[in-house]
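Please view the sequence and the structure together while reading.

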Amino acid sequence: MAKISKARLKAQENARKNRQELIGVSRRDLMKMGLLTSAGLLVPKRGLSARALNSAGWLESGSSGDDIPCQSPPTTPFIEELPNHMNGGMVIHSPVAAFSNEAACPAQAAPSGCPNDGRTQPHQAFAQRPPVKKYEVSQRRTLKSVHPALPLQPLWGFARRQVDGAVDPNTHTGVAWTPGPTFVARYNEAVLVRNFNDLPPPQLNDGFGLPSVVTHLHNGHTPSESDGFPCDYFERGQFYDQHYPNVLAGINSTHPGTGDINESLSTLWYHDHRIEFTAPNVYKGLAGFYILFNELDTGDENTGFKLPSFPQFDIPLIITDRSFSPETGLLCFDMFSLDGVLGDRFLVNGKIQPFFNVQPRRYRFRVLDGGPSRFYQNFLLDPTSPSTINKFWHIANDGNLLPRPLLVNSIRLGVAERHDIIIDFRPFAGKTLYLENRLEQQDGRGPTNNLLPPGQGHKLLKFIVGGTPVPDGSADPSTQTFYPLPPRPTPRITRTFRFDRTNGQWAINNKLMPGDCSDIRFRVQRNSGERWILQNNSGGWQHPIHIHFEEFQLVRRNSRIIQAGDPEFARKDVVRLNFNEEVELLFRFRDFRGRYPMHCHNTLHEDHAMMLRFDIEDVGDNKTEP
Amino acid sequence: MPNVNRRQWLTASGANLSAAGEPTAQASGGETKWKTISPRDVIKNRHLPNVVLTTHEGKKVRFYDDLMKDKIVVINMMYATCEGVCPRITSNLQQVQKFLGDRVGRDIFFYSITLKPEVDTPAVLKKHVAMHKIKPGWTFLTGAPADIELLRRKLGFSDPDPEVDKDKANHIGNVRYGNEALMLWAAAPGLSKASAIAESIKWVDWPKEEAATKVKGDRK
Ligand SMILES: [Cu+2]
């Protein structure tokens, strides 16, 4: 109770400030703007354009001063099963023998020469790692149920183009998946994806989304032309071949021929990265998982690290927040927001608040914050004893196995971060548990860093634990070690980057990403090490910063050195920039050349220019504040 | 830019751009309690209020009906006495206008809305237009302070921190661009290269029949 009244006081204080700001604006005007209720109370918004929470923690209206607040209609929680690979709610990608247009448009290092081939650059690693598997993908419009109380949603998803049937030429709609089909890849088995843009023309975009796309494989050690660079987009009717060599970092440099096993990646994801339109396109559903196994992390609990077997006990979870119109029941998106978009409904693997029947044994969950703007701190809640902390094992940060499993109370996720965890349900046989987000966030600027009381956060997923004992071949995490951190490189150069808001836009070192991606801000020397200092001088904003290509190690947050036993003592590709914080990262940039971005992964910040391009070349430059 | 005439395109594609021909208003559970509102109207209702503004030539116009409907638009916010960034963006947008050629004023329209309607009267804006030698197709707009404030928030030229929001200079960097009929809206940095901004605007252009033949520029 004390908490709520404090929040009210804060709201009143903000309302007072807002009133002062609006002196000269009449009462009628304020009502017209939706900022004053007929009772004369200012709508308690944290700043006029921010989305406001009511006392239950739900959002009362959209940003940009919506007249029609996008407060979702009621949806009874936990009545549908979690989509997963066992129940058909998610599917594993199936390879094809040949692409449907391969005779005319050959699969080769150089662009195929077909007029609808969107690629202009040759594949760097095609001869070194010829593809052993081919996948044919179709991006298309599809109708999908997210909850029985809501109408079918017109979304965009990914289809297995030779399996899921054709797109209806009249409605431009077909069978597709969101989350997209899961790629199950293995190290040293190169993959070639022929990715078709079968999306509808823009006038049939159902209100938002640009049918021009580029798919990024998030944390792949991928040559630039296949990475999904924001300006490598391809249009309706075009295709783009992406070659994923699935090789370890170091393959052409420090560990010739093999790569460094301690740079192994495991939980990757793919999503649209279209310059200036990533937020709407991903919000519509263009995201999926890419899982990478090797001889140690095998997907079989009887071999290697003996991690719970895929797909039965190894479950990817993409968490997204969305809002639905109370009038039409359809997905709302605010294309005019600069700050970020929060939803009042939480989806896991595409369904609002699902349940999952588990057996009393160990499971591996690959938890991904799918954005667009919300951060999470997830706990395991036993509703019969909310104040009890139920610990679980944190085994991977950003999809990369930690030096050893850590027993933790919770996991903190910024947009695009992945944390793999192992939950042992054996002590909870016959019980019901929840994955609960207790991190308070009131607008797109980032979380307040306050934790909501246990049981009063957002319940994301319900676990119904079976009562009958079952065999468990997976290893006890307390006895395990995985990959030691690779030795830190000696940096050739230290570069500093300030993440700021300037003139209403999001900037890095006061500069903005141009829509043609033509500005090469600096050149990294291939096969060298670099130290990057990332700074956030704001007390109001947090930014999840993602750097493409090779994993970094986080050395310190302000003066706090990240030490063994910290979940961030890890190889990472996203770093959360907290309020007034400076972080130090150490990188290597090995093996391939080309252009890559660094950007904020709050996709509204990303689309509003908080991004830069750097190129990896044989000779680097010496710009310290690029 | 392609030679597709806006009127031709709108006529050819039929009046109702949002009809996709399937029962999206039907609940997956079988219940039909949902209103059918075209997505275009959703955007109009949420973001494009039909407030009356006055142009730098003293003409009264309605924001949605006269300035947005069926058009490709480029919108920024400024004020006449703003120094530094504002004039740089203005001169940058003049370059963008050159790139877009005679389509500006025909189916692409530039709008600069003042952040200081109290002082930026139509006469002041007219002088500003003359001083910067602004070409036709680009309209400077003022209006009642509450209407301008409403527009500013609806179009997302705002900051959630009230202290920051008060400073008008914090809303001048963005150039919003959109195609009202196609329901495509985005923003570009006002100080980007003019050619890059022009390319962004091209992304929301009327669709060509043969989309697949899009010629890629040199995007190295
Ligand atoms: Cu950000």
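Which residues lie nearest the centre of the largest cavity? They are A:T178, A:G285, A:T320, A:R322 and A:G350, among the 20 residues that line this cavity. This is a predicted model, in which local features need pLDDT of at least 70, side-chain atom pairs count only at pLDDT 80 or more, and totals for chains, interfaces and linings use all residues. Residues are numbered from 1 along each chain as its sequence is written, chains are lettered from A and ligands numbered from 1 in the order in which they are written, and side-chain values use heavy atoms, with hydrogens and water left out.

**Confidence**

- The predictor assigns the complex an ipTM of 0.87 and a pTM of 0.89.
- Chain B has a mean pLDDT (the predictor's confidence in each residue, from 0 to 100) of 85, with 80% of its residues at 70 or more.
- Residues 14-30 of chain B stay under 50 in pLDDT, and the model gives them 42 contacts (heavy atoms within 4.5 Å) beyond four places in sequence.
- Residues 210-220 of chain B are also below 50, with 23 contacts beyond near neighbours in sequence.
- Where pLDDT is low, the predicted coordinates should not be read in detail.

**Cavities**

- The whole structure contains 14 cavities of 30 Å³ or more; a cavity is a set of points on a 1 Å grid over the protein atoms alone where a 1.4 Å probe fits but cannot get out, and lining residues have an atom within 4 Å of a point.
- The largest cavity holds about 220 Å³, a volume being the space filled by probe spheres set on grid points joined across faces, edges and corners.
- In chain A, β2 (153-160), α4 (278-283) and β11 (314-324) each supply at least two residues of its lining, and β11(A) gives the most, with four; helices (H or I, at least four residues) and strands (E, at least two) are DSSP runs, numbered from the N terminus.
- The second largest cavity has a volume of about 80 Å³, and its lining includes A:F333, A:H608, B:W185 and B:A186.

**Copper site**

- A:H543 (ND1), A:C600 (SG) and A:H605 (ND1) coordinate the copper ion at 2.0 to 2.1 Å; donors are N, O and S atoms within 2.8 Å of the metal (3.2 Å for Na, K and Ca), and water is not among the atoms, so sites may look incomplete.
- Along the chain, the donors follow the spacing H-x56-C-x4-H.

Notes. 1 Å grid on protein atoms, 1.4 Å probe; cavity = no way out; pocket = protein on both sides within 12 Å on 5 of 7 lines; lining within 4 Å.
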